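I went through this chain strand by strand and kept short notes. The entries follow in the order in which I looked things up.

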Amino acid sequence: QLIESGGGLVQAGDSLKLSCQASSSTFKRYAVGWFRRIPGKEREFVAAISRAVTDTLYADSVKDRFTISRNNDQNTAYLQMNSLKPEDTAVYFCALDYTWFENSYLVRRNERDYDYWGQGTQVTVSS
């Protein structure tokens, strides 16, 4: 089970930090991805971090503004979002992508590769 939190209503330029809490210690065997669904659009990739924590991947639209991280001891992943823009308004989802130990560096952006999903948390950025 994955539970996202930290969403809310903020103004343009503000920051938010989303959390994704997993219920199982098998969390460390998964890469973690953040996705978002902007109203009227398909769900899109935002960021991912590898099982090994060594590799990250970002969508161009959030690069240099968002930072993904994880704490395997706490079974938690984070998405630090800075310099938020109205176009970042969306429901944000975290997801887990099982990766074998020999692929611990792997990060992927295709949502079909992800096995488990949270219910989402709303982020609204006003102008």
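This is a predicted model: local features need pLDDT of at least 70, side-chain atom pairs count only at pLDDT 80 or more; totals for chains, interfaces and linings use all residues.

**Entry 1: β9 and its partners**

I began with β9 and strand β11 (residues 121-126), which run antiparallel and are joined by three bridges. Within this pairing I found Tyr92 opposite Thr121 of β11.

I then looked at how β9 pairs with β10. The two strands run antiparallel and two bridges join them. Ala95 has Trp117 of β10 as its bridge partner.

Next I checked β4 against β9. I counted eight bridges here, again in the antiparallel sense. Arg37 faces Val91 of β9 across this pairing.

How many of the nine residues of β9 are buried? I noted seven, so I put the strand down as mostly covered, taking buried as under 20% relative accessible area.

Is Ser104 buried or exposed? Its relative accessible area is 12%, and the limit for buried is under 20%, so I recorded Ser104 as buried. Leaving out residues up to four places away in sequence, I found Ser104 touching Ser50, Arg51 and Ala52.

**Entry 2: aromatic pairs**

I went over the rings and the count came to seven aromatic pairs. I looked at Phe35 and Phe45 in detail. Their ring centres are 5.7 Å apart and their planes stand at 75°; edge-to-face needs over 60 degrees, so I classed the pair as edge-to-face. Phe35 belongs to strand β4 (residues 30-37) and Phe45 to strand β5 (residues 43-49), and the two are 10 residues apart, so I noted the pair as a link between distant parts of the chain. I found both Phe35 and Phe45 buried.

I also took down Tyr98 and Trp100, an aromatic pair with 5.3 Å from centre to centre and 85° between the planes, which is edge-to-face as well. I checked the cover of each. Tyr98 has 31% relative accessibility and therefore counts as partly exposed. Trp100 has a relative accessible area of 54%, and the limit for exposed is over 50%, so I listed Trp100 as exposed. I found that Tyr98 and Trp100 belong to one aromatic cluster together with Tyr30 and Tyr116.

**Entry 3: the four-stranded sheet**

I turned to an open sheet of four strands. In what order do its strands lie? I read it as β1-β3-β8-β7, with antiparallel pairing. β1 (2-5) and β7 (66-71) are at the edges, and each has a single partner strand, so one side of each has no neighbour in the sheet.

Six bridges join β7 to strand β8 (residues 76-81), and the two run antiparallel. I noted Arg70 opposite Ala77 of β8, and Leu79 of β8 as the bridge partner of Ile68. The hairpin of β7 and β8 has four residues between the strands, and I saw that Asn75 takes a positive phi near 55° there.

Which residues of β7 make up the covered face? I found Phe66, Ile68 and Arg70 on that face, while Thr67, Ser69 and Asn71 make up the uncovered one. In a regular strand the side chains alternate between the two faces of the sheet.

**Entry 4: the whole chain**

I finished with the chain as a whole. It has 11 strands and zero helices. I found that 44% of its 127 residues count as buried. Among contacts with a separation of 6 or more, 62% come from residues 24 or more positions apart.

I compared the radius of gyration with the globule rule: a compact globule of 127 residues would have one near 14 Å, and the chain has 14 Å, so the two agree. Along the principal axes, I found that the C-alpha atoms fill a box of roughly 45 × 25 × 25 Å.

Notes
Residues are numbered from 1 along each chain as its sequence is written. Side-chain values use heavy atoms; hydrogens and water are left out. Two strands pair if DSSP finds at least two bridges between them. The radius of gyration is taken over C-alpha atoms; the globule rule is 2.2 Å times the number of residues to the power 0.38. Buried means under 20% relative accessible area, exposed over 50%, partly exposed in between (1.4 Å probe, protein chains only). Contact means heavy atoms within 4.5 Å. Rings of Phe, Tyr and Trp (its six-membered ring) pair if their centres lie within 6.5 Å; planes under 30 degrees apart count as stacked, over 60 as edge-to-face and the rest as tilted.
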